Each structure stands twice: as C-alpha cells, then as structure tokens.
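Me: I'd like to learn how to read cores and surface patches in a model. Can we go through one case together?

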Amino acid sequence: MTVPATSRGAWKSSAGFIIAAVGSAVGLGNLWRFSYTASTGGGAAFVVLYLVLVLAVGIPVLTAELTVGRATGLSPIRALERIGGRGWRIVGAMFVLLGFLIFSYYSVIMGWTARMVWDSARGTIPADTGAYFTAISTGKAAVLWHAAGMMLTIWIVLGGIRQGIERAATILMPILFALLVGLATWAATLHGGGAGYSFYLKPDFRALLNLDLIASAAAQAFFSLSLGMGAMITYASYIQSKELNLPKQAGIIALSDTAVAFVGGLVVFPIIFHFGLQESIGSSAIGALFIALPKAFHSLVPGGALIGTIFFIALYIAALTSAISLLEVVVAGIIDAWGWSREQAALIAGGAILLVGIPSALSLDWMGFLDKFLGEAMLAVGGVLIAILTGWIWSEGADAEVAHGFPYPALRRAWLWLLRIFIPVVLAVVAYTTFKQVVPLARALVGG
Ligand code: PHE
C-alpha cells in the first residue's frame with residue numbers, strides 16, 4: 001500500500017533537518033574512535049587524510065543519499081526500488097537490517113555511557129577503573145542500561161519527526177556543543193596537557209603509506225557520517241523544500257561532524273596526559289574512553305566527579321541523537337514497507353533490537369565482531385551500492401534532483417564521476433581490507 005506523504009511526517013524547517021542530521025552523524029564514533037585512531041595512526045597526518053576522505057568520499061556519498069531521500073520522499077526500501085527497480089528493494093532491506101543490527105550493539109555502548117554518568121554523579125567510580133569497566137560493560141548491569149537507553153530512544157521516535165526527532169535534536173545538540181567547547185577550554189588550561197596534544201597530533205606522514213590505515217580512516221569517516229545504511233536517505237525523505245541546496249547541506253553536516261571529532265581529541269588527550277595516565281589508554285579506543293578517562297576524573301580532586309559527569313553527559317547526548325536515527329531507519333522502513341503505524345513499528349522494532357542486543361551486553365568479543373563486520377565492512381558495501389545506483393543507474397534523475405538549489409552543471413558532473421569510479425574503488429578497497437579483519441574475529445568467536 002502507498003502511504004500518503006502527509007502521514008509520513010516532515011521537518012518543520014531546514015534548520016531542523018540539518019540539526020537532526022548532524023545529531024545522527026555526531027555520535028559515539030566521534031568521541032570513541034576518531035581521536036584514538038588518530039593518535040595511533042599518524043596524528044595530524046591522519047587528521048589531514050581523514051579530511052581528504054571526508055571531502056572526496058564522504059560529502060559526495062552524503063549528497064547522493066540526501067538526493068535519493070528528497071527525490072523519492074521514501075525510506076530506503078521503497079526509495080531504492082523506485083529509482084533502481086525491484087531488485088534494489090533487497091539493498092534497501094539490507095539497509096534496514098544494518099540499522100537494526102548496528103543499533104543493537106550501539107545501544108549497549110550507550111548504556112555504559114549512561115552508567116558512567118550515573119556513577120560519576122554519585123562519585124562512586126573506584127580508582128581501579130579497569131576492573132570497574134569490566135564489571136559494568138558486560139552482564140546484568142550492561143543489559144539493564146542498554147534497555148533503559150532503548151526505551152528512551154523509542155519514546156523519542158514515537159513522537160514522530162517534528163515533535164520527537166526534530167525537537168530532541170534542537171534541544172540536545174546545542175547543549176552538546178556547549179559542553180564540548182567548555183570541556184576543551186578547561187582541558188587547555190591543564191598542566192602537562194601539551195604532551196597530550198602532541199601525542200594526539202604529532203604528524204607522522206609515513207603512517208599514510210599504510211593501506212590498512214587509509215581503509216580504517218575511510219571506514220571511520222563512513223560510520224561517523226552515518227553513511228552506507230540509509231540513515232541519511234531516511235532523514236532527507238522528510239525534507240519539504242525542493243530549493244534546499246543539498247551539496248551545501250552535506251558539506252555543513254560533514255564539517256560539523258569532523259569538527260566535533262577533532263575537538264573530542266582536544267578534550268580527551270590533555271586530560272589523560274595531565275594525570276600521566278597514558279599507560280592505561282591500552283590498545284583499544286574503548287580503553288582510552290572508558291578506562292583512562294574515568295581514572296583521570298577519579299584523580300581530579302576536587303571537581304573530578306563534576307567534570308566526569310559533564311563529559312559522559314555529552315557523550316550520552318551524542319549517542320542518543322545517533323541512536324534515534326538508527327531506530328528511525330528501521331521504523332520508517334517498516335512503516336513504508338508494511339504500512340504499520342509509527343507506534344507499532346517503534347515499539348515492536350525497538351523491543352526486538354533490545355533483545356538482539358543482549359549478546360553484545362554479554363560479550364565484548366561479539367560486539368567487536370559486529371562492529372567490524374557491520375559498522376565498517378558492510379557500510380562500505382552499502383556505500384558502493386549507493387554510489388553505483390546514483391552514479392550510473394539513476395544519474396539523470398540524481399542530476400535533476402540536485403540541480404534544484406545547486407545550479408552548477410560542471411560540479412554536478414564531477415560529483416557523478418566521483419560516484420561512478422573513484423568512490424566505488426575506494427570503498428571496495430575498504431570493504432576488502434575490513435572483511436579481512438573480520439575473519440580472525442569470527443574465527444576467535446567460533447573457537448570459543
Ligand atoms: N554516526 C554515528 C556515530 O558516529 C553512528 C551511526 C552510524 C548512526 C550509522 C547512524 C547510522 O556514532
């Protein structure tokens with residue numbers, strides 16, 4: 001059945017759309033992985049590489065997703081079917097499934113964050129943050145906090161596009177920006193923080209010769225921009241104005257997202273180095289964020305509890321506005337495909353994701369596998385498919401749609417050519433390299 005456009009909902013204003021889309025992009029990925037990957041992968045050289053990838057791959061694919069969404073006014077399954085033909089329904093369904101599964105573990109990490117807010121505020125995070133993290137990251141506590149975050153997300157999505165998603169983003173995102181700027185400013189005053197900046201940004205251009213690093217930067221950019229799984233298609237399907245300049249919106253979204261990721265590092269590393277805790281950063285992004293940082297807050301007397309609470313609130317806001325978009329992909333997919341009501345779709349899908357997320361709340365290895373496989377490799381596959389669809393199959397339609405609000409034919413041609421050749425090649429390399437990293441993780445899981 002066809003759902004009339006009016007019942008799907010729409011953004012109240014284009015500013016509302018941008019802020020919601022930035023909310024989707026800015027998330028755990030920014031604060032959890034970006035600065036850590038930069039510090040281990042060439043510092044400032046990584047930041048430059050990342051920017052290049054955002055410009056050459058991120059913004060064009062984001063523009064493509066926005067174009068598909070606005071042109072069809074449909075969520076991924078039916079949008080791809082409309083422009084690509086029946087077979088592309090399967091790709092749309094894959095996107096919905098990706099949203100479903102990525103949200104299942106994302107919500108668990110969001111749960112840890114909430115727990116950290118709660119314990120920081122009460123001042124009950126112990127000195128041994130390693131043991132503390134082990135205790136809260138898996139098991140019953142992790143399941144409960146995962147469930148709490150899921151309910152909050154369902155509640156917001158139930159409110160619909162304007163009253164739920166747009167309103168939440170409009171309230172929460174300015175708070176997030178203010179908190180982050182405040183934290184970065186405070187961190188800049190810390191004694192010994194300079195060593196943190198140089199650990200984060202010391203350029204090592206040789207690192208850029210490493211193909212794995214390039215692939216991980218591209219995968220990071222993709223995850224961080226919420227690309228390759230239809231979130232941006234879905235959000236763009238609620239845009240009413242045909243005059244909106246889509247490449248410009250894509251640029252604003254991508255640059256805001258990158259700025260937040262960059263500032264995240266300016267917060268995290270000076271704090272860790274001020275307290276001489278570089279040892280506890282460990283070998284994973286999780287270690288830097290959930291072990292080293294709480295330890296620093298613990299040693300900060302007085303005020304550590306307050307700063308810790310503020311930091312984890314910021315992280316939670318970032319996670320929540322991304323979680324909303326993950327759930328919305330699934331909910332909108334179900335509404336458009338099966339004609340369910342928003343209430344039914346949000347409650348049933350949210351409940352199912354809650355259950356499917358439980359294994360991630362019980363095993364970090366399982367979560368790590370899902371993140372590599374879905375959050376990196378499959379998003380790259382999704383990106384290749386979007387690029388081919390818009391660059392080759394639907395290029396005239398895409399061109400015509402972007403032309404509203406973007407009257408530069410030569411730039412549109414350049415965009416289409418990036419989507420036709422350069423981007424699929426880059427993303428195929430990303431998919432290949434990340435799939436290779438998935439294999440040992442999968443083996444380890446099967447081996448026990
Ligand atoms: N962009 C979000 C982040 O950086 C994650 C996300 C991925 C959200 C895909 C929606 C879709 O945390």
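Me: Leaving aside neighbours within four places in sequence, which residues is Ile253 in contact with?

Reply: This is a predicted model. Ile253 is in contact with Phe17, Ile18, Ala21, Val22, Ala25, Leu62, Leu66 and Met232.

Me: How many residues does the largest nonpolar core have?

Reply: In soluble globular proteins, nonpolar side chains tend to be buried together. Here the largest nonpolar core has 167 residues. Phe17, Ile253, Phe290 and Phe311 have the most contacts inside it. Helix α15, residues 304-338, gives the most to this core: 20 residues.

Me: Now the surface. Which residues form a nonpolar patch there?

Reply: The patch consists of Leu211, Trp392, Ile393, Trp417, Ile421, Val425 and Val429. Together they have about 660 Å² of accessible area. Two elements give two or more residues each: α17 (364-393) and α19 (409-446). The largest share, four residues, comes from α19.

Me: What does Trp88 touch, not counting residues up to four places away in sequence?

Reply: Trp88 touches Leu80, Glu81, Leu385, Leu389 and Ile393. Ile393 is also one of the patch residues.

Me: How far apart are the C-alpha atoms of Trp88 and Asp212?

Reply: They are separated by 30 Å, with the two residues 124 residues apart along the chain.

Conventions:
Residues numbered from 1 in each chain as written. Predicted model: local features only at pLDDT ≥ 70, side-chain atom pairs only at ≥ 80, totals over all residues. Heavy atoms only, no water. Patch = residues over 30% accessible without salt bridge, like charges linked within 9 Å, V, L, I, M, F, W, Y side chains within 5 Å. Areas by Shrake-Rupley, 256 points an atom, 1.4 Å probe, with all protein chains shown as cover. Salt bridge = Lys/Arg side-chain N within 4 Å of Asp/Glu carboxyl O. Contact = heavy atoms within 4.5 Å. Core = buried A, V, L, I, M, F, W, Y, C linked by side-chain atoms within 4.5 Å. Buried < 20%, exposed > 50% of the residue type's maximum accessible area, 1.4 Å probe, protein only.
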